[in-house]
Amino acid sequence: MRSVLVLATVMVLLAGLGPALAPYDPTTINIPKRLSPPGAEFLLGTDAMGRDILSRLPHGARWSLGLAFLISAISLGIGTDIGLVAALGGKTADWVVMRATDTFLAFPELVAAIVIAGLMGAGTWSLIFALSVTGWMRYARVARGIGLSVRSRGYVVQARLVGMPSWSIARWHYLPSLILSLTVVWTGMFARAILGISALGFLGFGVQPPNPEWGSMLLDARVHLRSTPLQMVWPGLAVVVCVLAINLTGDALRDVLADRDTPE
Amino acid sequence: MVSNVRVKGRNRDRLRDVSLALSAGRTLAVVGESGAGKSTLIAAILGLLKPSEGTISWNGAPTRAVRPALVIQEPRAAFNPVLSLRRSIMEPVVAQGIVLTEGRLQRLCAGLELPEEVLDRRPGEVSIGQAQRAGILRALIAAPPLILFDEPLSALDAVTQKHTARLIFDLQKEEGFAALIVTHDLGYAVAYGDQIAVLKAGRIEEIADADVFAINPRSDYCCSLRDAAIALGSLEVAA
Amino acid sequence: MTLKATGLSAVRLGRTILHPTSLEIEPRGRIGLVGVSGSGKSTLGHVLVDDLKAQGASVAHVPQSPAEALDPLRSMAFHWREAEVAVGLVPGAADQAGLFQALRIEGGDLRKRPWGWSRGMQQRFVMAMALIGSPDLIVLDEPTSALDPVVAAATMELLSTFLDDKETSMILITHDLGLAARWVDRLMVMDAGRLVEQGRTADILERPQTRSAKALSAHRNWLALPC
């Protein structure tokens, strides 16, 4: 549990402070030094444009983590609302909404995101749109499930009887039950968003050069796989460690919640 | 006032031709076994469920309009586990924009033998008996003309049951609400009901004044209910 | 044989929930173990069952709800076989017909799973299972609280009649002195993990000595009917 927290904190700090500590500007091109191996001057080497990889990685973290945060937050908002509409809006609304959710779930998320991003053209905004639109279904399912179970609880019935306004019931009686479980889902979706961003970046649909984003860094490095394979290792490693840290955080959180929910 | 109410179910009627009258300061005890339609009756009176036939009203208006209160069987479930009891108890007051008269909360707390500091705890931190009295406080606070009690004592032990029943009775005298108590315990119904209605398979089997009913129930079913109450020690036959 | 247990106690989370208690149960004894919730009566029941079993006596325990005793995924026939094996009988050797008839569950379909039976019949089935090996003692923990009154009364009546000509003693654990008083001839009153009073039922009803016995006795019923 503690090691997970440390790992997560280090990742966030790297993304936050890393750029300030970076030895070089991440976008400055330095052709004479292109494809340098790791050494004293460039700790992790340089890429095909001679840009310092060590400087690019934390900037990439900003893009990757920041965008993943934004995307998972947008889909959290969409999903929760949709799930609650299904849970509280009556049988017809429930049927319509859940069938729509199933339809969305039927497509592999990444493939759908690629299609959408492809149709909209490459760029950061189409990346955000594509990944948000394909990422809300899990939240909706969880929110609906919890919403249905909370709806029949004694205190919600009481609140409805005394004429408490719906928004107030949602705020005080639904939210506390939802927030914990949704946070767990969110950690999972956050990790998926990082993978999604990297994947789209690698395919060229995501953040456009010269901005350093892990996926597009991988794409750039791919051409030089034979000569300087380490170039691909660094951003790949960053993605793996990041996703792992977030998933472990989610697991730890779930354990804490499970303990909390177990009656004495 | 409940007249000729019918609630259709999937295979059979959940309530059929049920008529009841309630009046201020009086208690109607509805006795029935599980599946007799007690919960359906409560949901219908509260307006949570629309009867297929018949009408339910309070002084000519829909019951929903007078905001009847409900006390449920499981005391802790009536309260949001993460909020203090006080917050939940004040919900009706806040929601209906009522201004409490000076000292009303204190008076009701005293009447229910609830120390005020208990209200600042969460439902998991108080005893079941206290939680149920807090539930009754919540039902009373906005002074509704009608309060429905759904098996209010079933979760309590035998001694606490009798004590709580007495507190409800005393408060009813002070506050003057009409009470509808749903219970499977004929002893409780006979001891505290002014009138007793026996519900069986969605129909009213018998309805009578409590003292008449206890001594001389008319139908065979009601006799077996009474004999069971005696066999289980809920009622005793004086020597 | 008279069952004896001495120095029964229990500690949970560093707190003593049952102070050292000794008790004796005569053959055919009908004992009511009463007390408010948290008085330690169920704990005493469990500890007593374990202790007597360790001594080699045959003791059966019937929990409050049949759901605790029956696996919803297994047929009633399976449960019955398990119970037979548990008391060392060859499957089919127990007097199933006799027990079922005595408890009026002979109409139940053994191929069904528990939920195919009504709750009252499930509870009586659990009692029949408990009685398979003609145990020295049957412990009933709030056996009626999950049942409707008419069914609960009938269940107690049938069990009581069945035990009349048997050697089996009975302990009825309940918070309701009124219920216990109807079915037992000795009462044991528990309070805060201690056995505070015991004696003949009529004596405790009429002349309770301790505070808890007085409270239980005063609130044992709702009303005495004048007839």
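How many residues does the contact take from chain B, and how many from chain A? I counted 17 residues from chain B and twelve residues from chain A. A reminder to myself before going further: this is a predicted model.

Next I asked which part of chain B gives the most to the side that touches chain A. The answer is helix α2 (residues 85-95) of chain B, with four residues. I then sorted that side of chain B by class and got eleven nonpolar, three polar and three charged residues.

**Entry: domains of chain B**

I looked up how chain B is divided. Domain 1 takes in 1-68 + 147-239, and domain 2 covers 82-143. Their C-alpha centres lie 25 Å apart. Where the two domains of chain B touch, I found 13 residues of domain 1 in contact with 13 residues of domain 2. On the domain 1 side, helix α5 (residues 158-175) of chain B gives the most, with eight residues. By class, that domain 1 side holds seven nonpolar, two polar and four charged residues.

**Entry: the sheet in chain B**

I traced the strands next. Six of them form an open sheet in chain B, in the order β6-β7-β8-β3-β9-β10, and the pairing is mixed. Which strands stand at the edges? They are β6 (69-71) and β10 (203-209) of chain B; each has a single partner strand, so one side of each is left without a neighbour in the sheet. From one strand to the next, the twist averages 20°.

Strand β7 (residues 146-150) and strand β8 (residues 178-183) of chain B pair in the parallel sense, over five bridges. To place myself on the pair, I followed L148(B) across to β8(B), where its bridge partner is L180(B).

**Entry: helix α8 of chain B**

I wanted to check the length of helix α8 (residues 220-231) of chain B.

Which residues in α8(B) are buried? My list reads C222(B), L225(B), R226(B), A228(B), A229(B), I230(B) and A231(B). I noted that a charged residue, R226(B), is among them.

Last stop: just after α8(B), I found G233(B) with a positive phi of about 75°.

Notes. Residues are numbered from 1 along each chain as its sequence is written. Chains are lettered from A and ligands numbered from 1 in the order in which they are written. This is a predicted model: local features need pLDDT of at least 70, side-chain atom pairs count only at pLDDT 80 or more; totals for chains, interfaces and linings use all residues. Domain bounds come from an automatic or database domain assignment. Two residues are in contact if their C-beta atoms, placed from the backbone, lie within 7 Å. Helices (H or I, at least four residues) and strands (E, at least two) are DSSP runs, numbered from the N terminus. Two strands pair if DSSP finds at least two bridges between them. Axes are lines fitted to C-alpha atoms, for helices over the stretch in contact, and angles run from 0 to 180 degrees between N-to-C directions. The expected span of a helix is 1.5 Å times one less than its number of residues. A residue is buried if 20 or more other C-beta atoms lie within 10 Å of its own, exposed if 12 or fewer, and partly exposed in between; C-beta atoms are placed from the backbone.
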